Amino acid sequence: MQYELIAVLCIIFCLFILGIEYLWLAVLAKQQEDKKNEYAVTAQKCTCIVEGIVYSPTESSRENEIESLKKLMGTNTKIFEIINAQLCFWDEYGDDEMLPDKHEIIDRVYETLNPIGLFADILKSGDKHKIGYACRRLADFDAFDYLNDIYELSKSGNRDISYNAAMALARLGYAEGVAEYILRIEKDEKYSSRIICELFDHFSCDRSELASLVFKNCDEYMKVVVIKAISPYGLHQFESIYSVGTASKNDEMRIACVKALGELADPKYEHTLLTAAKDKNWIVRSNAIKGLQKFATSAAIKGIKEALKDKEWWVRQTAANALIDMNVSISEIEDVLSGYDKYASDAVKYALYRSIDMNEE
(Lines give C-alpha, C1' and ligand atoms only; values in the text may rest on other atoms or scores of the structure.)
Protein backbone atom coordinates (compact mmCIF):
# COMPACT_ATOMS: atom_id res chain seq x y z
CA MET A 1 0.00 0.00 0.00
CA GLN A 2 2.85 2.37 0.85
CA TYR A 3 4.54 1.73 -2.50
CA GLU A 4 1.31 2.42 -4.35
CA LEU A 5 0.96 5.76 -2.54
CA ILE A 6 4.52 6.72 -3.42
CA ALA A 7 3.88 5.81 -7.07
CA VAL A 8 0.71 7.94 -7.15
CA LEU A 9 2.55 10.89 -5.58
CA CYS A 10 5.36 10.53 -8.15
CA ILE A 11 2.85 10.54 -10.98
CA ILE A 12 1.11 13.62 -9.54
CA PHE A 13 4.45 15.36 -9.14
CA CYS A 14 5.46 14.55 -12.73
CA LEU A 15 2.12 15.81 -14.01
CA PHE A 16 2.58 18.98 -11.99
CA ILE A 17 6.06 19.55 -13.48
CA LEU A 18 4.71 18.91 -16.99
CA GLY A 19 1.90 21.35 -16.34
CA ILE A 20 4.35 24.03 -15.18
CA GLU A 21 6.52 23.47 -18.26
CA TYR A 22 3.47 23.67 -20.53
CA LEU A 23 2.36 26.94 -18.91
CA TRP A 24 5.87 28.35 -19.19
CA LEU A 25 6.09 27.43 -22.88
CA ALA A 26 2.66 28.95 -23.43
CA VAL A 27 3.79 32.20 -21.78
CA LEU A 28 6.95 32.29 -23.90
CA ALA A 29 4.94 31.64 -27.06
CA LYS A 30 2.50 34.42 -26.13
CA GLN A 31 5.36 36.85 -25.47
CA GLN A 32 6.98 35.94 -28.78
CA GLU A 33 3.69 36.41 -30.63
CA ASP A 34 3.08 39.75 -28.90
CA LYS A 35 6.59 40.88 -29.81
CA LYS A 36 6.03 39.82 -33.40
CA ASN A 37 2.74 41.70 -33.57
CA GLU A 38 4.33 44.73 -31.94
CA TYR A 39 7.03 44.90 -34.58
CA ALA A 40 4.48 44.34 -37.33
CA VAL A 41 2.55 47.37 -36.06
CA THR A 42 5.78 49.35 -35.74
CA ALA A 43 6.79 48.39 -39.29
CA GLN A 44 3.43 49.63 -40.55
CA LYS A 45 3.88 52.91 -38.68
CA CYS A 46 7.37 53.31 -40.14
CA THR A 47 6.02 52.72 -43.63
CA CYS A 48 3.33 55.35 -43.20
CA ILE A 49 5.73 57.92 -41.75
CA VAL A 50 8.38 57.35 -44.42
CA GLU A 51 5.75 57.72 -47.13
CA GLY A 52 4.61 60.89 -45.39
CA ILE A 53 8.16 62.23 -45.45
CA VAL A 54 8.68 61.41 -49.11
CA TYR A 55 5.35 62.87 -50.28
CA SER A 56 5.10 65.69 -47.73
CA PRO A 57 3.55 68.80 -49.34
CA THR A 58 5.56 71.29 -47.26
CA GLU A 59 9.00 71.43 -45.68
CA SER A 60 7.58 72.05 -42.21
CA SER A 61 5.33 69.00 -42.37
CA ARG A 62 8.28 66.96 -43.64
CA GLU A 63 10.39 68.06 -40.68
CA ASN A 64 7.57 67.08 -38.31
CA GLU A 65 7.36 63.63 -39.91
CA ILE A 66 11.11 63.16 -39.66
CA GLU A 67 11.06 64.10 -35.97
CA SER A 68 8.18 61.70 -35.30
CA LEU A 69 10.18 58.95 -37.03
CA LYS A 70 13.18 59.68 -34.83
CA LYS A 71 10.99 59.60 -31.73
CA LEU A 72 9.49 56.26 -32.80
CA MET A 73 12.97 54.79 -33.32
CA GLY A 74 14.57 56.05 -30.12
CA THR A 75 17.62 53.87 -29.52
CA ASN A 76 16.01 50.68 -30.79
CA THR A 77 18.26 49.19 -33.46
CA LYS A 78 15.56 46.80 -34.68
CA ILE A 79 13.28 49.70 -35.47
CA PHE A 80 16.16 51.47 -37.18
CA GLU A 81 16.67 48.44 -39.43
CA ILE A 82 12.96 48.54 -40.34
CA ILE A 83 13.27 52.23 -41.22
CA ASN A 84 16.53 51.63 -43.08
CA ALA A 85 14.87 48.95 -45.22
CA GLN A 86 12.06 51.39 -46.07
CA LEU A 87 14.50 54.15 -46.99
CA CYS A 88 16.57 51.79 -49.14
CA PHE A 89 13.40 50.73 -50.93
CA TRP A 90 12.47 54.34 -51.76
CA ASP A 91 16.04 55.15 -52.74
CA GLU A 92 16.07 52.22 -55.17
CA TYR A 93 12.52 52.16 -56.51
CA GLY A 94 11.10 55.63 -55.88
CA ASP A 95 9.96 57.37 -59.05
CA ASP A 96 12.73 59.82 -60.01
CA GLU A 97 10.36 61.92 -62.10
CA MET A 98 7.79 62.33 -59.33
CA LEU A 99 10.46 62.64 -56.65
CA PRO A 100 13.44 64.43 -58.22
CA ASP A 101 14.87 65.32 -54.80
CA LYS A 102 14.32 61.94 -53.13
CA HIS A 103 18.05 61.39 -52.48
CA GLU A 104 18.35 64.70 -50.65
CA ILE A 105 15.25 63.89 -48.59
CA ILE A 106 16.57 60.46 -47.64
CA ASP A 107 19.94 61.96 -46.71
CA ARG A 108 18.15 64.39 -44.38
CA VAL A 109 16.33 61.51 -42.70
CA TYR A 110 19.60 59.67 -42.07
CA GLU A 111 21.19 62.84 -40.79
CA THR A 112 18.39 63.25 -38.26
CA LEU A 113 18.29 59.60 -37.21
CA ASN A 114 22.10 59.63 -36.82
CA PRO A 115 22.75 55.87 -37.19
CA ILE A 116 26.48 56.38 -36.63
CA GLY A 117 25.78 57.86 -33.21
CA LEU A 118 23.36 55.03 -32.46
CA PHE A 119 25.91 52.31 -33.20
CA ALA A 120 28.80 54.22 -31.65
CA ASP A 121 26.88 54.26 -28.35
CA ILE A 122 26.64 50.47 -28.53
CA LEU A 123 30.45 50.26 -28.76
CA LYS A 124 30.67 52.20 -25.52
CA SER A 125 27.92 50.16 -23.85
CA GLY A 126 30.03 47.04 -23.44
CA ASP A 127 27.16 44.83 -24.62
CA LYS A 128 29.08 41.81 -25.97
CA HIS A 129 26.05 40.58 -27.86
CA LYS A 130 25.72 43.79 -29.89
CA ILE A 131 29.24 45.17 -30.25
CA GLY A 132 30.11 43.00 -33.25
CA TYR A 133 26.89 44.02 -34.98
CA ALA A 134 27.59 47.69 -34.22
CA CYS A 135 31.08 47.41 -35.75
CA ARG A 136 29.66 46.02 -38.98
CA ARG A 137 26.97 48.69 -39.19
CA LEU A 138 29.42 51.50 -38.50
CA ALA A 139 31.48 50.22 -41.42
CA ASP A 140 28.37 50.12 -43.61
CA PHE A 141 27.91 53.84 -42.92
CA ASP A 142 31.61 54.59 -43.59
CA ALA A 143 32.22 55.73 -40.01
CA PHE A 144 35.97 56.26 -40.41
CA ASP A 145 36.02 58.33 -37.22
CA TYR A 146 35.58 55.06 -35.29
CA LEU A 147 38.22 53.13 -37.23
CA ASN A 148 40.62 53.02 -34.27
CA ASP A 149 37.88 51.83 -31.89
CA ILE A 150 36.97 49.02 -34.29
CA TYR A 151 40.65 48.17 -34.75
CA GLU A 152 41.08 47.75 -30.97
CA LEU A 153 37.99 45.52 -30.86
CA SER A 154 39.51 43.30 -33.56
CA LYS A 155 42.07 42.29 -30.88
CA SER A 156 39.31 41.20 -28.48
CA GLY A 157 39.47 37.79 -26.86
CA ASN A 158 35.81 37.37 -27.76
CA ARG A 159 35.83 35.52 -31.10
CA ASP A 160 32.53 36.98 -32.29
CA ILE A 161 33.57 40.55 -31.55
CA SER A 162 37.04 40.23 -33.08
CA TYR A 163 35.66 38.55 -36.22
CA ASN A 164 32.98 41.19 -36.81
CA ALA A 165 35.44 44.00 -36.06
CA ALA A 166 37.87 42.54 -38.61
CA MET A 167 35.07 42.32 -41.18
CA ALA A 168 34.29 45.98 -40.47
CA LEU A 169 37.96 46.87 -40.99
CA ALA A 170 37.83 45.05 -44.34
CA ARG A 171 34.75 47.03 -45.33
CA LEU A 172 36.57 50.24 -44.38
CA GLY A 173 39.67 49.14 -46.34
CA TYR A 174 42.14 49.15 -43.42
CA ALA A 175 44.75 46.73 -44.79
CA GLU A 176 47.13 46.81 -41.79
CA GLY A 177 44.37 46.02 -39.30
CA VAL A 178 42.95 43.15 -41.35
CA ALA A 179 46.43 41.71 -41.96
CA GLU A 180 47.16 41.79 -38.22
CA TYR A 181 43.92 39.93 -37.51
CA ILE A 182 44.73 37.26 -40.11
CA LEU A 183 48.20 36.73 -38.66
CA ARG A 184 46.75 36.51 -35.14
CA ILE A 185 44.42 33.67 -36.06
CA GLU A 186 46.80 31.64 -38.27
CA LYS A 187 47.69 29.40 -35.29
CA ASP A 188 44.09 29.21 -34.09
CA GLU A 189 42.86 25.69 -34.83
CA LYS A 190 39.23 26.76 -34.46
CA TYR A 191 39.24 29.37 -37.21
CA SER A 192 37.95 28.50 -40.66
CA SER A 193 39.69 29.36 -43.92
CA ARG A 194 36.26 30.66 -44.99
CA ILE A 195 36.91 33.68 -42.77
CA ILE A 196 39.97 34.64 -44.85
CA CYS A 197 37.96 34.37 -48.06
CA GLU A 198 35.26 36.58 -46.53
CA LEU A 199 37.79 39.20 -45.45
CA PHE A 200 39.26 39.44 -48.94
CA ASP A 201 35.81 39.41 -50.51
CA HIS A 202 34.64 42.32 -48.31
CA PHE A 203 37.91 44.27 -48.55
CA SER A 204 37.04 47.58 -50.18
CA CYS A 205 40.51 48.72 -51.25
CA ASP A 206 43.52 47.16 -52.98
CA ARG A 207 43.44 43.41 -52.25
CA SER A 208 47.01 43.03 -53.44
CA GLU A 209 48.17 45.38 -50.66
CA LEU A 210 46.40 43.24 -48.06
CA ALA A 211 47.79 40.01 -49.51
CA SER A 212 51.32 41.44 -49.57
CA LEU A 213 51.14 42.37 -45.89
CA VAL A 214 50.04 38.85 -44.98
CA PHE A 215 52.60 37.12 -47.23
CA LYS A 216 55.45 38.97 -45.51
CA ASN A 217 54.92 37.25 -42.15
CA CYS A 218 52.59 34.26 -42.55
CA ASP A 219 53.43 30.57 -42.46
CA GLU A 220 53.02 28.26 -45.47
CA TYR A 221 49.56 27.09 -44.47
CA MET A 222 48.20 30.63 -44.28
CA LYS A 223 49.97 31.45 -47.54
CA VAL A 224 48.01 28.66 -49.22
CA VAL A 225 44.75 29.93 -47.74
CA VAL A 226 45.42 33.49 -48.92
CA ILE A 227 46.34 32.33 -52.43
CA LYS A 228 43.05 30.44 -52.61
CA ALA A 229 41.23 33.53 -51.35
CA ILE A 230 42.74 35.91 -53.92
CA SER A 231 42.86 33.60 -56.94
CA PRO A 232 39.39 34.65 -58.24
CA TYR A 233 40.57 38.26 -58.55
CA GLY A 234 43.36 37.59 -61.06
CA LEU A 235 46.07 39.53 -59.24
CA HIS A 236 49.07 39.49 -61.59
CA GLN A 237 51.32 40.97 -58.89
CA PHE A 238 51.70 37.50 -57.39
CA GLU A 239 52.17 35.44 -60.54
CA SER A 240 55.80 34.68 -59.58
CA ILE A 241 54.56 33.22 -56.27
CA TYR A 242 51.99 31.12 -58.14
CA SER A 243 54.54 29.94 -60.69
CA VAL A 244 57.02 28.80 -58.03
CA GLY A 245 54.23 27.23 -56.01
CA THR A 246 53.21 24.90 -58.84
CA ALA A 247 56.42 22.96 -58.21
CA SER A 248 55.97 22.77 -54.43
CA LYS A 249 56.06 19.43 -52.62
CA ASN A 250 53.00 20.59 -50.69
CA ASP A 251 49.87 19.33 -52.46
CA GLU A 252 47.71 22.14 -51.12
CA MET A 253 50.20 24.74 -52.34
CA ARG A 254 50.24 23.23 -55.84
CA ILE A 255 46.43 23.11 -55.90
CA ALA A 256 46.15 26.77 -54.87
CA CYS A 257 48.85 28.03 -57.25
CA VAL A 258 47.63 26.08 -60.29
CA LYS A 259 44.13 27.39 -59.70
CA ALA A 260 45.46 30.95 -59.35
CA LEU A 261 47.50 30.68 -62.56
CA GLY A 262 44.45 29.34 -64.35
CA GLU A 263 42.46 32.39 -63.26
CA LEU A 264 45.15 34.69 -64.72
CA ALA A 265 44.59 33.14 -68.17
CA ASP A 266 48.03 34.33 -69.26
CA PRO A 267 49.31 32.43 -72.34
CA LYS A 268 52.86 32.40 -70.98
CA TYR A 269 51.73 29.94 -68.29
CA GLU A 270 50.11 27.50 -70.71
CA HIS A 271 53.09 25.13 -70.55
CA THR A 272 53.04 25.26 -66.73
CA LEU A 273 49.36 24.28 -66.74
CA LEU A 274 50.01 21.49 -69.28
CA THR A 275 52.66 20.12 -66.91
CA ALA A 276 50.26 20.46 -63.94
CA ALA A 277 47.64 18.51 -65.93
CA LYS A 278 49.88 15.47 -65.38
CA ASP A 279 50.47 16.07 -61.67
CA LYS A 280 50.24 13.13 -59.25
CA ASN A 281 47.42 14.86 -57.36
CA TRP A 282 44.09 14.64 -59.19
CA ILE A 283 42.83 17.96 -57.77
CA VAL A 284 45.88 19.70 -59.24
CA ARG A 285 45.18 18.03 -62.60
CA SER A 286 41.53 19.08 -62.49
CA ASN A 287 42.40 22.72 -61.74
CA ALA A 288 45.01 22.73 -64.49
CA ILE A 289 42.39 21.59 -67.00
CA LYS A 290 40.03 24.36 -65.90
CA GLY A 291 42.85 26.83 -66.52
CA LEU A 292 43.68 25.37 -69.95
CA GLN A 293 40.02 25.75 -70.88
CA LYS A 294 40.63 29.49 -71.18
CA PHE A 295 43.09 28.93 -74.07
CA ALA A 296 41.93 28.06 -77.57
CA THR A 297 45.31 26.73 -78.69
CA SER A 298 45.85 23.31 -80.20
CA ALA A 299 48.25 22.48 -77.35
CA ALA A 300 45.59 23.25 -74.73
CA ILE A 301 42.96 21.20 -76.56
CA LYS A 302 45.41 18.31 -76.92
CA GLY A 303 46.25 18.46 -73.20
CA ILE A 304 42.57 18.44 -72.24
CA LYS A 305 41.84 15.51 -74.60
CA GLU A 306 44.66 13.54 -72.98
CA ALA A 307 43.00 14.19 -69.61
CA LEU A 308 39.94 12.30 -70.88
CA LYS A 309 41.98 9.15 -70.23
CA ASP A 310 42.69 10.07 -66.61
CA LYS A 311 42.18 7.34 -64.02
CA GLU A 312 40.05 9.68 -61.90
CA TRP A 313 36.42 10.09 -63.01
CA TRP A 314 36.25 13.70 -61.84
CA VAL A 315 39.28 14.70 -63.95
CA ARG A 316 37.82 12.98 -67.03
CA GLN A 317 34.53 14.75 -66.51
CA THR A 318 36.22 18.12 -65.97
CA ALA A 319 38.12 17.62 -69.24
CA ALA A 320 34.95 16.66 -71.12
CA ASN A 321 33.06 19.67 -69.78
CA ALA A 322 36.00 21.90 -70.72
CA LEU A 323 35.96 20.70 -74.33
CA ILE A 324 32.22 21.28 -74.63
CA ASP A 325 32.43 24.72 -73.00
CA MET A 326 35.25 25.66 -75.38
CA ASN A 327 32.87 24.98 -78.29
CA VAL A 328 35.46 22.89 -80.09
CA SER A 329 34.39 21.50 -83.44
CA ILE A 330 32.95 18.00 -83.67
CA SER A 331 36.01 16.98 -85.65
CA GLU A 332 38.12 17.76 -82.57
CA ILE A 333 36.25 15.24 -80.44
CA GLU A 334 35.11 12.78 -83.11
CA ASP A 335 38.14 10.59 -82.53
CA VAL A 336 37.27 10.46 -78.83
CA LEU A 337 33.60 9.59 -79.41
CA SER A 338 34.43 6.82 -81.88
CA GLY A 339 37.61 5.63 -80.18
CA TYR A 340 38.28 2.54 -78.09
CA ASP A 341 38.64 4.47 -74.83
CA LYS A 342 35.23 3.95 -73.23
CA TYR A 343 36.02 6.24 -70.28
CA ALA A 344 36.85 9.18 -72.54
CA SER A 345 33.90 8.56 -74.85
CA ASP A 346 31.40 8.28 -72.00
CA ALA A 347 32.72 11.45 -70.35
CA VAL A 348 32.29 13.51 -73.54
CA LYS A 349 28.85 12.04 -74.24
CA TYR A 350 27.71 12.86 -70.71
CA ALA A 351 28.99 16.44 -71.06
CA LEU A 352 27.23 16.80 -74.43
CA TYR A 353 23.91 15.49 -73.08
CA ARG A 354 24.17 17.75 -70.05
CA SER A 355 24.93 20.75 -72.26
CA ILE A 356 21.92 20.03 -74.47
CA ASP A 357 19.62 19.63 -71.45
CA MET A 358 20.78 22.94 -69.95
CA ASN A 359 20.26 24.76 -73.26
CA GLU A 360 16.73 23.39 -73.54
CA GLU A 361 15.92 24.69 -70.06
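**Notebook: helix packing and a pocket**

I began with helix H10 (residues 193-202) and helix H12 (residues 220-230), which pack at an angle of about 45° with their axes 9 Å apart. I note here that I am working from a predicted model.

Next I asked which residues in H10 and H12 meet. On the H10 side I found Ser193, Ile196, Cys197 and Phe200, and these meet Met222, Val225, Val226, Ala229 and Ile230 in H12. Sorted by class, this contact of H10 with H12 has eight nonpolar residues and one polar residue, and no charged ones.

**Entry on H8 and H10**

I then turned to H8 and H10, whose axes come within 7 Å and cross at roughly 30°. That angle makes H8 roughly parallel to H10, because angles under 35 degrees count as roughly parallel. H8 passes H10 in a right-handed crossing. From H8, the residues Tyr163, Ala166, Met167, Ala170 and Arg171 meet Arg194, Ile195, Glu198, Leu199 and His202 in H10. By class I recorded six nonpolar, one polar and three charged residues for the contact of H8 with H10.

**Entry on H6 and H8**

At what angle do the axes of helix H6 (residues 128-140) and H8 cross? I read roughly 5°, with the axes coming within 8 Å, and H6 and H8 are therefore roughly parallel to each other. On the H6 side the contact is made by Lys128, Ile131, Gly132, Cys135, Arg136, Ala139 and Asp140, while the residues of H8 include Asp160, Tyr163, Asn164, Met167 and Arg171. The residues of this contact of H6 with H8 divide into nine nonpolar, two polar and five charged.

**Entry on the largest pocket**

How many residues line the largest pocket, and which of them lie nearest its centre? I counted 16 lining residues, of which Arg159, Ser162, Tyr181, Ile185 and Asp188 lie nearest the centre. Helix H8 (159-172), helix H9 (175-185) and H10 each supply at least two residues of this lining. When I sorted the lining of the largest pocket by class, its residues divided into five nonpolar, five polar and six charged.

Methods: Residues are numbered from 1 along each chain as its sequence is written. This is a predicted model: local features need pLDDT of at least 70, side-chain atom pairs count only at pLDDT 80 or more; totals for chains, interfaces and linings use all residues. Side-chain values use heavy atoms; hydrogens and water are left out. Axes are lines fitted to C-alpha atoms, for helices over the stretch in contact, and angles run from 0 to 180 degrees between N-to-C directions. Helices (H or I, at least four residues) and strands (E, at least two) are DSSP runs, numbered from the N terminus. Contact means heavy atoms within 4.5 Å. Ala, Val, Leu, Ile, Met, Phe, Trp, Tyr, Cys and Pro count as nonpolar, Asp, Glu, Lys and Arg as charged, and the others, Gly among them, as polar. On a 1 Å grid over the protein atoms alone, a cavity is a set of points where a 1.4 Å probe fits but cannot get out, and a pocket is an open set with protein on both sides within 12 Å along at least five of seven lines; lining residues have an atom within 4 Å of a point. Angles under 35 degrees count as roughly parallel, over 145 as roughly antiparallel, 65 to 115 as roughly perpendicular and the rest as oblique. A crossing is left-handed if the near helix is turned anticlockwise from the far one by less than a right angle, and right-handed if clockwise.
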